[in-house]
Amino acid sequence: MKKIILFACCTLLVACQGTKYPEGIEHVIVIGIDGMSSQGLIRAHTPCMDSLMQAGAYSYKVRCILPSVSSPNWHAMLSGAGPELTGVLDNSWRRGVYELPPVTLTDNGYFPGIFRLIRDGKPQALTAAFYNWRGFGNLLEQEVIDSCAALPSSLETAQHTAAYILEKKPDFVFIQLDEVDGAGHESGHMSPRYLRTIEETDAHVRLIVDAVAQAGIANSTLIMVVSDHGGIYYWHGGNAYEEVSTPIIFAGPGIRKNHLIRSHIYKYDTAADAAFALGLETPQAWVGRPTRAAYERFGDEPAPSYREVEVLPPPMFYSDPVAVPHGGLFVDRPAEVVIEQPAGVEGEIRYTLDGSRPTRTSALYDGMFRLEKSARVTAKLFGAGGESPVVSAHYRVADSKAGNGLHYTFHTLPPDIREMPSFATLKPVAEGICYELDFFAPDFADLRARYPQDMAVCFTGWLEVEQEGPYTFYIWTKGGSKLYIKSDLVLNNRRLGDSETKGEIYLEKGRHPFRLEYARKQHLDPEEREIINLEYEGEGVLRGKIPADRLFLTN
């Protein structure tokens, strides 16, 4: 009897060991698309990636690590851990230059990642990394990778990868395609060009997928499609939902078919997914865990240990151009408020006009509406089993007949100047009227094109406040700045580089003389856009841009 029990236990142990890792996977191909957001993938026409989702498992809610920039997130996918362990805090990271030392290092000075794990666990395995963004190469322990190459474009990266797969049939390849991120920065995330670039990149993914099939290894290859971060307007790096939520796709032997994964997935899980598929034990220093719910034989989606409320993607305020994040400026016409439903999500949008948090009983958005005066519109998506984060947009309405506006003078700077100039000594090359403090206005774009050298602008007018009390002003610029209200110097950034500061002043009800001076040395970075971001808050005023109907040319 004891022998029978012992035999049964041994048989059970062997069976359990046989299901520890997926079976039938001999190759793993990870295709990384830089800057592709979940909404971008959903809205773009992507027949190749759609077919991978139909044949596999996928999620739209992979959470980035912070900051939501490329190097920390690509490195998390390569290393199975976040920046608090790896020391890769931003895009400036280089081997041997550790602002935050990694918790452990290989003999080559890298946190041990997936390529090191494969080299140590499968010494005969053939590995490769091909990438479009050269910064990606800084993250790779190239000494343990068989083939690495930086290619000039996404198309050439995909073509090079396809040729390598056909010739070598590698065990593991990690690919980084960069052009979607570039389109987001240049034209705005969710802009027509951004979506078109995702569609073009889908064709590049097709080249790689077809090469896997032509090489005769499709039945033994796990293909993963990942992204490092999303984006909002022209940028990423913050913590907006659109920046930190990205898609992932699994397709290959043993993967569930057309399955939406509901388990939580994080960036550092990608390395653990690759290790799991190749039957490798992850190191103690990793925190990533494999996405077992993607597989047919590793159980159902894990049940939550507590009552969970689903976090839905937020609605998006439409603006043209896409890069205007604060609602928009409307001169001598009502503001038109358009709020877009996130694709692929059911629910209703509720909103308020006073900046308060919407509830399920707030006004229901059922189409474009108009505002006759400035307002902060706050919106939220409510679904049957979840809610989205709150999003807010500031619509500014100016009326030239009521005297709204500011006078500006535009100046060029002497080449030797290093601090804020005295505007009394500068002769303006142009002047005019604007309705708020930024450089989105066409007049300023034309002036910057005509005068590309070092420049300065002085805005003068009157600021009206409706309630007496203390007010705090905040400014962030790409140059130096000074803000005067009445005769008081409220903000003072003397140097001409990036600057951020705040100041306070007590204001009585009524209008007060207002003057903002700005200057910038163009040689600091000629590729960067001009930025003046001035905000205030005070009695009855939530922090935000100064409404256009609170700025006047005269008293």
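In this predicted model, Arg-116 and Glu-141 form a salt bridge whose closest N and O atoms are 2.6 Å apart. Arg-116 belongs to helix α6 (residues 114–121), whereas Glu-141 sits in the loop between β3 (127–131) and β4 (147–150), so the bridge ties together parts that are 25 residues apart in sequence. Both partners fall under the 20% limit for a buried residue: Arg-116 is buried at 14% relative accessibility, and Glu-141 is buried at 6%.

Because Glu-310 lies in strand β9 and Lys-61 in strand β2 (residues 57–63), the contact ties together parts that are 249 residues apart in sequence. Here the side chains are not buried: Glu-310 is partly exposed, with a relative accessibility of 37%, and Lys-61 is likewise partly exposed, at 34%.

A further bridge joins Glu-281 to Lys-20, again with closest N and O atoms 3.0 Å apart. This pair links distant parts of the chain, 261 residues apart: Glu-281 is in the loop between α11 (269–277) and β9 (310–311), and Lys-20 is in the loop between α1 (2–18) and β1 (27–33). Lys-20 counts as partly exposed, its relative accessibility being 41%. In total, the structure has 22 salt bridges.

The cysteines may be considered next. The structure holds zero disulfides. Among the cysteines, Cys-48 is buried, with a relative accessible area of 1%, and Cys-64 is also buried, with a relative accessible area of 7%.

Several features of the backbone deserve attention. The peptide bond between Leu-66 and Pro-67 is cis, with omega about 5°. Pro-67 is located in the loop between β2 and α4 (70–79). Elsewhere in the chain, Gly-35 occupies the loop between β1 and α2 (38–43). Gly-35 counts as buried, because its relative accessibility is 0%. The C-alpha atom of Gly-35 is separated by 9.0 Å from that of Val-69, although the two residues are 34 residues apart along the chain.

Positive phi values occur at residues other than glycine. Met-190, which is not a glycine, has a positive phi of about 70°. Met-190 is found in the loop between α8 (179–187) and α9, and its relative accessible area of 23% makes this residue partly exposed. Tyr-233 also has a positive phi, near 55°. The place of Tyr-233 is the loop between β6 (221–226) and α10 (241–244). With a relative accessible area of 10%, Tyr-233 is buried.

Key
Residues are numbered from 1 along each chain as its sequence is written. This is a predicted model: local features need pLDDT of at least 70, side-chain atom pairs count only at pLDDT 80 or more; totals for chains, interfaces and linings use all residues. Side-chain values use heavy atoms; hydrogens and water are left out. A disulfide is a pair of cysteine sulfur atoms within 2.5 Å. Buried means under 20% relative accessible area, exposed over 50%, partly exposed in between (1.4 Å probe, protein chains only). A salt bridge is a side-chain nitrogen of Lys or Arg within 4 Å of a carboxyl oxygen of Asp or Glu. Helices (H or I, at least four residues) and strands (E, at least two) are DSSP runs, numbered from the N terminus.
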